[in-house]
Amino acid sequence: MNENKLKFSIDTERLWKLGPNFLQSKDGQNALASGSLKGEDRLFMALASSSLLNTTLFLPGKKIIQLGEQFEDAYLLLSGEIQIVQNDKSYKLGAGSVIGLSEGMVGLPSKFSATALTSVQVKMIPFHRVDTVIKVLPPELRAILVTIIKRNLAA
Amino acid sequence: MSQFTVEKFLDGQFICKSGDPATHLYYLQEGEVELLTESGQFFGRIQEGQSFGEAAILQGGIRGASVRANGDVVCKVIANDQAAELLTSFSPLLVVIIEALLLQLAMNNSIKHT
């Protein structure tokens, strides 16, 4: 089935208007508590402003990952849209989408192909840096990661 | 890991309820818990050695499910703000990794339900 729908996208225009310090402000806390700012909005704002991740640009038509390939980096889409093809399904993802993180953390190859439909700006999460952090974690913190990864892979 | 406190729950006791403020993260040290919808319908189990409530650490908000002890249970519990401090103390990149995993989960749930 070829739906070709936009399955996930964060309203980044609205978030950028709120400004970089909104999350730390009283208004930001109130917005989170009231639900007018969703959890994924908060996560996106924090990640998009992180200085720990490098940014790169994919031009339209760029193949970001092929079916069966291993991920060397995971990607957070800051802007633009990508096309996902998985089995008989095809759909689009927009800003806020995270590609390959759970799969790459457990060494699984990609179950889909992803291609840039527009110019796509991404933050890169390199797995060699992720592995360095994971190695030293105590069991309680490792369990948190494993739980979220399992839920992602089961979704 | 002194930031974690140990809490015991008896068989059938609710550890948290759907709609409650999501203020704590739980690591299930001993036993098993059941996940229930707001209307009390069973939809999953969490086993020893796994965590629950982790989305609350970096997202806040309210609980999306109720958690009930299935048999006696021992949990290690940490408040959200302490958990965030603990994660940062290991590596600021760890916070980024968990935020990105949670955002991936939000994306996957959206893909599943649209």
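## Chain B from end to end

Read along the sequence, chain B runs β-β-β-β-β-β-α-β-β-α-α, a total of three helices and eight strands. Helices (H or I, at least four residues) and strands (E, at least two) are DSSP runs, numbered from the N terminus. Please keep in mind that this is a predicted model, in which local features need pLDDT of at least 70 and side-chain atom pairs count only at pLDDT 80 or more, while totals for chains, interfaces and linings use all residues. Residues are numbered from 1 along each chain as its sequence is written, with chains lettered from A and ligands numbered from 1 in the order in which they are written.

How does the radius of gyration of chain B sit beside that of a compact globule? For 114 residues such a globule would come near 13 Å, and chain B, at 14 Å, agrees with this. The radius is taken over C-alpha atoms, and the globule rule is 2.2 Å times the number of residues to the power 0.38. Along the principal axes, the C-alpha atoms of chain B fill a box of roughly 40 × 40 × 20 Å.

## An open sheet in chain A

Chain A holds an open sheet of four strands in the order 2-9-4-7, with antiparallel pairing. Strands pair here if DSSP finds at least two bridges between them. Strand 2 (54–58) and strand 7 (98–99) are at the edges with a single partner strand each, so one side of each has no neighbour in the sheet.

Strand 4 (residues 73–79) of chain A is joined to strand 7 of chain A by two bridges, and the two run antiparallel. Leu76(A) has Val98(A), in strand 7 of chain A, as its bridge partner.

## Where the chains meet

Across the interface, 36 residues of chain B are in contact with 38 residues of chain A (C-beta atoms, placed from the backbone, within 7 Å). On the chain B side, the elements that give two or more residues are helix 1 (55–59) and helix 3 (92–113). Helix 3 of chain B gives the most, with 20 residues. By class, this side has 20 nonpolar, 12 polar and four charged residues. Ala, Val, Leu, Ile, Met, Phe, Trp, Tyr, Cys and Pro count as nonpolar, Asp, Glu, Lys and Arg as charged, and the others, Gly among them, as polar.

Terms used:
Contact = placed C-beta atoms within 7 Å.
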